[in-house]
Each structure stands twice: as structure tokens, then as C-alpha cells.
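Here are my notes on the model you sent over. Have the structure open while you read, and take the points in order.

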Amino acid sequence: MIKYTSIKELCDTAERQGIKISELCLKDQAEQMQKSEEEIYSIMERNFEVMLESVSKGNDPNLRSTSGLTGGEGNKMLNYAEKTNGGLSGNFLTKAIGRAMCVSNCNAAMGRIVATPTAGSCGILPGCLVSMYEDRGFAKRDVVMSIFTAGAFGMVIAQTASISGAEGGCQAECGSASGMAAAALVELMGGSPSACGDALGMAIINQMGLVCDPVAGLVEIPCVKRNVSGVMIAFSSADMALSGIDLKIPVDECIAAMKSVGDSMSSSLKETSQGGLAASPTGLALRKKVFGA
């Protein structure tokens, strides 16, 4: 059984066996749950289908969150991509971030999403993988399998650091999600297990110290927009790893550093809505608008 306490161990084991991290994880999960590999795959395939559904639901221009603070951002971005032929970032990336926002909009409106690894960061992995599936034509099975790699890396982070904004700040949520997505992208592109690990590390170091400061205590502002940056960092981190750029600091040390930063972070910046944007004049005014106090 895999311990999921070290990215290096996962990568080394997969490379030693000559298989992908996703294949290693699928085999391990089947053994742990005493089910066939195809049964476990089918469960993950359903998760991917939920991702597709959440993109579609979140793309409704009339969908609004219960608070009324957010809604329609994903639809606006996807429309912008169509009208401008991709805007400044290009059609593929602009649509990817639009999809990420759609999933975040779906979540804010109490729709069904896949927490990858949390609701606050739920748009990042779908934004990346749905785009690879719909716009780049990657096979569904390959995309679904890449989620196992993302999940395995997320399990390591959860056990050795944190995936909770309340414990580690948004670096633990969007940072982890971005790293998980980067690893999945590298595997989809044919990168080695060690390159998947490097991509995870590169995404983490680019979001280290990111605070969790939800306005009015709701997973909406700035969360919807932070999913966008998570997508962009995932793609850029994957490309860096695929190009052969050296991470320099081993990925497990990056995760340990993220934990250390989270532990030293003020509680006002860890989902309590007592600092950052939540404590800004407009943030406080929006809280009063929603809750009346």
C-alpha cells in the first residue's frame, strides 16, 4: 500500500515500475478499497462528468449566488474569448479560465461540484482538464486517469501540510489545486513522473504565502478570481516542467515550506474574514449588505 507521505516516493516508485503515477494510484486504490481497477476508474470517470456538468451549469448568465455577490463571471469570460478570438491570453487559455470561473460560479450558487481539493479551489482542475478534453482533443480515459495523479499528490499535501484555507491560507487551497492540476497536465502531455512532481512544486512556490480572506466569509470574493490565477499558474508550471527547467528546491521541501508559512500566518488571514480584502471598507460594506451587520 502507498503511504502518500512523499511526492518523491510516488515518483520514484512509478519510474522504477515503468508506469505513470495515475496507474500506480489506480492499482493502489483498487487494492485498498477491494474493488477492481475498472470499478475505481468508473468512479473517477463520474467525477469528471460532474466537472463537465458544473462548467455547463456555471455558464448560465442568469445564475447567481445566494448572496448575490457573484454570478455570470465565467459566462462573461467565455463570451469574451469568442468575441476577441481569445483576448490577450489566447483562445485556449482564456476559455480555460472561463471554465474555471463557471465551476466556481456553480459552487457559489450551491450547485454540485467536485472539491479538488476544496470547494474554494474547485474550478482549477476542471478549468485545465475540461479544456484539454474539449479544446485539445485528449482522450477521455487519459484525462480521467490524470485525475488520479492529481488526487495522489493532493493526498500527500493533505497528510504532510494542509489543503485547508482555515489552516494554511489560500496557498493550501488554490496553491495545492494548481499544483495538482499542473501535475495532471504534465502526465497528459507525456511527461515523466518526476516532471509531474516538479510541476507541482513550481505551482506551489508561485502561490506561497497566499492568504485566505473571503469577503463576508463566503467562498466568492476573491475566490472566484483566484481560481483564474490558479489555472494560469498550473499551465505555466506544467510547461516549465515539460521544458526541463529545474525546480531547484525538491518538491517535498516546497510542500514543507508551504506548511511552515501557513503555520506562521496570522489567524486573521486564514478564512476568518478578519483581514485582507474581507477587512477592507468595501469588503465590510458587502458583509453588511449580505448579513445586515
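How much of the accessible surface of the chain belongs to carbon and sulfur atoms?

1. Surface. The answer is 53% of an accessible surface of about 12,300 Å²; areas come from the Shrake-Rupley method with a 1.4 Å probe, and for residues only the protein chains shown count as cover. Before going on, two housekeeping sentences. This is a predicted model, in which local features need pLDDT of at least 70, side-chain atom pairs count only at pLDDT 80 or more, and totals for chains, interfaces and linings use all residues. Residues are numbered from 1 along each chain as its sequence is written, and side-chain values use heavy atoms, with hydrogens and water left out.

2. Overall make-up. You'll find 13 helices and zero strands in the chain (DSSP runs numbered from the N terminus: H or I with at least four residues for helices, E with at least two for strands). The C-alpha trace spans about 60 × 45 × 40 Å along its principal axes. For 293 residues, a compact globule would have a radius of gyration near 19 Å, and the chain's 18 Å agrees with that. That radius is taken over C-alpha atoms, and the globule rule is 2.2 Å times the number of residues to the power 0.38.

3. Of the 293 residues, 53% are buried, where buried means under 20% relative accessible area, exposed over 50%, and partly exposed in between (1.4 Å probe, protein chains only). Among contacts with a separation of 6 or more, 75% are between residues 24 or more positions apart; a contact means heavy atoms within 4.5 Å.

4. Charges. The chain carries 25 positive and 30 negative charges, and their mean positions are 8 Å apart. Lys and Arg count as positive and Asp and Glu as negative, while His and the chain ends are not counted. Each charge is placed at NZ of Lys, CZ of Arg, CG of Asp or CD of Glu.

5. The core. The largest nonpolar core has 77 residues, and Leu-129, Phe-153 and Ile-255 have the most contacts inside it. Such a core is a set of buried Ala, Val, Leu, Ile, Met, Phe, Trp, Tyr and Cys residues joined through side-chain atoms within 4.5 Å. Helix α9 (residues 170-188) supplies the largest share of this core, eleven residues. As background, nonpolar side chains tend to be buried together in soluble globular proteins.

6. Helix α6. Take a look at residues 124-134: nine of the eleven residues of α6 are buried, so this helix is largely enclosed by the rest of the structure. The buried ones include Gly-127, Cys-128 and Leu-129. Their cover includes α3 (37-58), α5 (91-108), α7 (140-160), α9 and α11 (223-243).

7. Leu-129 and Ser-146. Leaving out residues up to four places away in sequence, Leu-129 touches Phe-48, Val-143, Ser-146, Ile-147, Ala-184, Leu-185 and Leu-188. Ser-146, in helix α7, is buried at a relative accessible area of 0%.

8. Cis peptide bonds. Thr-116 is buried at 7% relative accessible area, and beyond its neighbours within four places in sequence its contacts include Met-51, Ala-177 and Met-180. Another cis bond joins Ile-221 and Pro-222, with omega about 5°; Pro-222 is in the loop between α10 (193-205) and α11.

9. Positive phi. Gln-34 is not a glycine, yet its phi is positive at about 55°. Gln-34 sits in the loop between α2 (21-33) and α3 and is exposed, with a relative accessible area of 73%. Lys-248 also has a positive phi, near 75°; this residue is in the loop between α11 and α12 (251-264) and is exposed at 66%.

10. Ile-204. This residue lies in helix α10 and counts as buried at 1% relative accessibility. Residues up to four places away in sequence aside, Ile-204 touches Ile-157, Gly-175, Cys-254, Ile-255 and Met-258.
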